[in-house]
Amino acid sequence: MATVVLAYSGGLDTSVCIRWLQEHYNMDVVTLTIDLGHEPDLPAIQRKAKQTGAREAYVVDARDIFIDHFIWPALKAGAVYENAYYLATALGRPLIAKLLVDVAREEGAEAVAHGSTGKGNDQVRFDVSVHALAPELQVIAPVREWGLTRDQEEAYAKEHGIPVPEGSRQPYSLDQNLWGRSIESGPLEDPWMEPPEDAYEWTVAPENAPDTPAYVEIAFEEGIPIAINGQEKSGVDLIQELNDLGGAHGVGRVDHVENRVVGIKSREIYECPAGTILFKAHEALEQMTLARDQSHFKRVVAEEISRLVYGGLWFSTLNRDLMAFVDSTQRSVSGIVRVKLYRGQATVVGRQSPHSLYREDLATYLSGDAFDHRAAEGFVKIWGLSTQVQARQQIHGNDTPLLPQAKRLEAKEAEDA
């Protein structure tokens with residue numbers, strides 16, 4: 001009998017998938033549950049998979065791989081989709097796909113499966129990633145195929161003895177890992193409605209946050225955060241500590257209408273305290289250590305990488321090439337950044353680096369100013385020369401004014417004003 005490896009969360013959809021794959025594809029099902037942080041009871045999920053009919057149920061702790069090979073590269077790149085989404089789920093999917101492929105090869109499986117719908121982004125991320133890594137594997141998406149309503153799905157589960165906990169239905173569709181929490185559906189589908197407070201779990205409402213700000217100092221080494229307030233931390237501990245601290249001060253809430261890969265717009269709520277703090281701190285350190293042209297071009301690269309990651313193209317050659325550029329830019333991005341957390345805001349209030357390009361003797365307007373003011377006159381003339389020539393030849397001879405004439409105030413009008 002052929003074998004399929006199913007990405008298994010322990011929820012209703014993927015539990016039903018086990019029996020559905022057996023019935024409709026006549027396959028042995030092996031499940032794979034991956035801990036990317038904030039997972040529920042993993043042993044219980046493993047037991048449920050076996051009880052529901054899985055031949056084998058694997059559980060993998062992939063938190064360190066997730067941080068080192070996905071989160072930190074995205075942080076160094078400055079990849080934020082549409083200037084709002086820190087890509088928590090989007091970064092986790094290619095890792096899950098890679099581990100599905102690994103287990104499929106170990107098990108001699110012919111296919112892998114996932115529980116994504118036909119409307120979301122995750123189907124793209126899973127399918128494209130698996131096909132990039134293992135073109136020979138079939139990818140099956142039962143939820144995309146079966147067309148069951150929620151009520152029909154629950155009826156199917158009860159018919160086949162699949163546990164459906166009473167009161168388990170909730171108004172939101174959720175996904176979370178160490179890097180962030182995503183909330184959609186239910187009352188959030190009305191973009192005019194303010195998100196209900198019960199949509200949030202990691203963050204307090206900013207108006208209920210402490211009235212006293214908190215300060216946190218984050219040390220970076222070549223673009224990677226390594227310590228908080230002078231204490232070196234593992235990646236898992238560092239992110240978790242910032243999630244807890246930022247969430248307690250209402251930092252990290254995002255309400256965003258975004259453009260999905262499949263062409264529709266979707267209203268999404270995100271909680272990402274650690275991501276919000278680290279991205280602001282990392283950007284501030286880059287502003288100290290990257291030259292102007294590096295910094296400007298890196299923003300273009302960051303935008304492209306965010307698009308690739310969001311669209312499931314993590315394993316594309318273009319993403320790999322752009323990440324090589326990013327790694328090159330991070331050689332001098334080391335130092336310490338101080339961030340103030342106060343009522344929903346994370347504000348950089350201090351930064352220092354041994355590689356800083358900021359020179360106080362050039363920036364100061366006080367004594368000790370080392371800037372050559374006389375040299376600026378010649379620079380300004382050369383800098384504006386092309387604009388001056390074009391203005392003389394093409395603009396000032398044109399009858400169309402650049403701006404309407406401003407009204408001059410008479411002395412009496414100015415006094416009245």
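This is a predicted model: local features need pLDDT of at least 70, side-chain atom pairs count only at pLDDT 80 or more; totals for chains, interfaces and linings use all residues.
Close-up 1. Ile264 sits in the loop that runs between strand 11 (253-259) and strand 12. Together with Val261 and Val262, Ile264 makes a nonpolar surface patch of about 190 Å².

**Close-up 2. The salt bridge between Arg260 and Glu268.** The side chains of Arg260 and Glu268 meet in a salt bridge, with a distance of 3.4 Å from N to O. Both of these residues, Arg260 as well as Glu268, are buried.

**Close-up 3. The largest cavity and the residues that line this space.** The structure holds one cavity of 30 Å³ or more, and the volume of the largest cavity is about 40 Å³. Sorted by class, the lining of the largest cavity has seven nonpolar, two polar and two charged residues.

Close-up 4. Because Glu201 lies in the loop between strand 7 and strand 8 (214-221) while Arg181 lies in strand 7, the pair ties together parts that are 20 residues apart in sequence. The two partners are set apart by their exposure: Glu201 counts as exposed at 56% relative accessibility, whereas Arg181 counts as buried at 3% relative accessibility.

**Close-up 5. The salt bridge between Glu136 and Arg105.** The structure holds 23 salt bridges, and in one of them the side chains of Glu136 and Arg105 meet at 3.5 Å, taken from N to O. This pair links distant parts of the chain, with Glu136 in the loop between helix 5 (122-133) and strand 5 (138-140) and Arg105 in helix 4 (residues 88-107), 31 residues apart. Glu136 is exposed, with a relative accessible area of 53%, while Arg105 is partly exposed, with a relative accessible area of 48%.

**Close-up 6. A network of salt bridges.** Side chains of opposite charge can pair when their charged atoms come close. In this view, Arg93, Asp122, Arg125 and Asp175 are linked in a network of salt bridges.

**Close-up 7. The second largest pocket and its lining.** The second largest pocket has a volume of about 500 Å³, and 19 residues line this pocket, with Gly78, Val80, Phe279, Glu283 and Ala302 lying nearest its centre. The elements that give two or more residues to this lining are helix 3 (63-77), helix 9 (273-289) and helix 10 (292-310). By class, seven residues of the lining are nonpolar, six are polar and six are charged.

Key
Residues are numbered from 1 along each chain as its sequence is written. Side-chain values use heavy atoms; hydrogens and water are left out. On a 1 Å grid over the protein atoms alone, a cavity is a set of points where a 1.4 Å probe fits but cannot get out, and a pocket is an open set with protein on both sides within 12 Å along at least five of seven lines; lining residues have an atom within 4 Å of a point. Grid points are joined across faces, edges and corners, and a volume is the space filled by probe spheres set on the points. Ala, Val, Leu, Ile, Met, Phe, Trp, Tyr, Cys and Pro count as nonpolar, Asp, Glu, Lys and Arg as charged, and the others, Gly among them, as polar. Patches are made of residues with over 30% relative accessible area and no salt bridge: like charges are joined within 9 Å, nonpolar side chains (Val, Leu, Ile, Met, Phe, Trp, Tyr) within 5 Å. Accessible areas come from the Shrake-Rupley method with a 1.4 Å probe; for residues, only the protein chains shown count as cover. A salt bridge is a side-chain nitrogen of Lys or Arg within 4 Å of a carboxyl oxygen of Asp or Glu. Helices (H or I, at least four residues) and strands (E, at least two) are DSSP runs, numbered from the N terminus. Buried means under 20% relative accessible area, exposed over 50%, partly exposed in between (1.4 Å probe, protein chains only).
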